[in-house]
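Here's a quick tour of one protein model, written for someone new to reading structures. Keep the 3D view open and follow along as you go.

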Amino acid sequence: MSQSESAGPTDPRSTRPHIVLVTGQAGAGRSTALNVLEDAGFEAIDNLPLRLMPALLAAPARESPMALGIDPRNRDFSLDAMMDLLRQLAAAPDVISELLYLDCSTDVLLQRFSETRRRHPLAPVDQPEEGIRRERDLLAPIRNRADILIDTTSYSIHRLREDIEKWFVPGGQHHLAVSVQSFSYKRGVPRGVDIVYDCRFLRNPHYEKPLKALNGTDAAVADYVKQDTRFADFAQKVLDLSVYLLPAYREEGKSHISIAFGCTGGQHRSVTMAEDHALRLAEAGWPVSIRHRELDRQRIAEAPT
């Protein structure tokens, strides 16, 4: 990778709006870069018409930074309009703006278009080389203005993600969000979960009359479930596995992992385990959200209409 003489990654503590313009050669990784920035907390907008930029910049500042994909295929794209935009952003004292340019060698771009069987957007169907040449010539002045220039010729997707995160993610580290949920096997395993634990071996409060109408968020139910002699070992082993796996998933480039705990009714044992595991992960420093599918369904059903 090479970069221009910029000062490096923007200070994430700045309170000024932060805008990253993402452009470059088709096939060089622009879409991947936008996805990485979106995973890092940027509001990502791809293929934004340049004529809409003034209105976007005039809108009230947002808390989250923005990543804007600029596509030469856009019908109102022009070199003059793009250079004017760069000058406006550079002159704006209340905005932090950076231009990220993705480049790649012609040979590798030809290989990528061949592998995906897509034609180059600026070329006739049977002349991808011509499209690459046209686009390279068109974008040359913009490339020269880049704050950060990444040549992806020898890059894998993982290497590109690492470089994007080095420049734009606070601390240079990819963030992995973790969601923990409980569910009832009667209604099936939730769609899209990554890891599932079956809690039906634990003692069941359902058969205790004072506890039947309560759920795992109630202390009496949680205490009852945790009195099972197998609970402590199970909870610790699950935590150990999560602590082992989550950093590996983060290094692999995942942005979200969902962990689900199931029991028969989704009211007691799975809720207790989900609450316990989410708390332990939060204490270990992981950003965690929690959801109880069956309890949420029950609340919605009981809500006044």
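Let's begin with Glu252, which sits in helix α9, a stretch covering residues 231-252. Keep in mind that this is a predicted model. From there we'll visit a sheet, the helices lying across it, and the nonpolar cores.

- Now look for His277, which belongs to helix α10 (residues 269-283).
- His277 has a relative accessibility of 1%. Buried means under 20%, so His277 counts as buried.
- Which residues does His277 touch, leaving aside those up to four places away in sequence? They are Val180, Val238, Leu239, Ser242, Ile259 and Phe261.

**The sheet**
- Four strands make up an open sheet, and going across it you meet them in the order β7-β8-β6-β9, with parallel pairing.
- β7 (195-198) and β9 (288-292) are the edge strands, so called because each pairs on one side only.
- On average, neighbouring strands here are turned by 15° against each other, if you ignore direction.
- In general, strands of a sheet pair through backbone hydrogen bonds, and they can do it parallel or antiparallel.
- Strand β6 (residues 177-184) is linked to strand β8 (residues 256-263) by 8 bridges, and the two run parallel.
- One to look for is Gln181, whose bridge partner in β9 is Arg291.
- β6 is mostly covered up, with 7 of its 8 residues buried.

**Helices on the sheet and on each other**
- Helix α9 lies across β6, β7 and β8, and runs at about 175° to β7.
- Helix α10 lies across β6, β8 and β9, and its angle to β6 is about 170°.
- How do α8 (residues 219-226) and α10 pack, and at what angle? Their axes are 9 Å apart and the angle is about 90°, so the two helices are roughly perpendicular to each other.
- On the α8 side, that contact uses Val221, Ala222, Val225 and Lys226, while α10 brings Arg269, Thr272 and Asp276.
- Sorted by class, this contact of α8 with α10 has 3 nonpolar, 1 polar and 3 charged residues.

**The nonpolar cores**
- The largest nonpolar core has 25 residues, and the ones with the most contacts inside it are Ile259, Phe261, Met273 and Leu281.
- Which elements give two or more residues to this core? They are β6, β7, α8, α9, β8 and α10.
- α9 provides the largest share, with 6 residues.
- Zoom in on Leu281: not counting residues up to four places away in sequence, Leu281 touches Val178, Val180, Leu239, Ser242, Leu246, Ile259, Trp286 and Val288.
- There's also a second, separate core of 22 residues, and Ala28, Ala33, Val108 and Leu109 are among them.

Note on methods. Residues are numbered from 1 along each chain as its sequence is written. This is a predicted model: local features need pLDDT of at least 70, side-chain atom pairs count only at pLDDT 80 or more; totals for chains, interfaces and linings use all residues. Side-chain values use heavy atoms; hydrogens and water are left out. Buried means under 20% relative accessible area, exposed over 50%, partly exposed in between (1.4 Å probe, protein chains only). Contact means heavy atoms within 4.5 Å. Axes are lines fitted to C-alpha atoms, for helices over the stretch in contact, and angles run from 0 to 180 degrees between N-to-C directions. Angles under 35 degrees count as roughly parallel, over 145 as roughly antiparallel, 65 to 115 as roughly perpendicular and the rest as oblique. Ala, Val, Leu, Ile, Met, Phe, Trp, Tyr, Cys and Pro count as nonpolar, Asp, Glu, Lys and Arg as charged, and the others, Gly among them, as polar. A nonpolar core is a set of buried Ala, Val, Leu, Ile, Met, Phe, Trp, Tyr and Cys residues joined through side-chain atoms within 4.5 Å.
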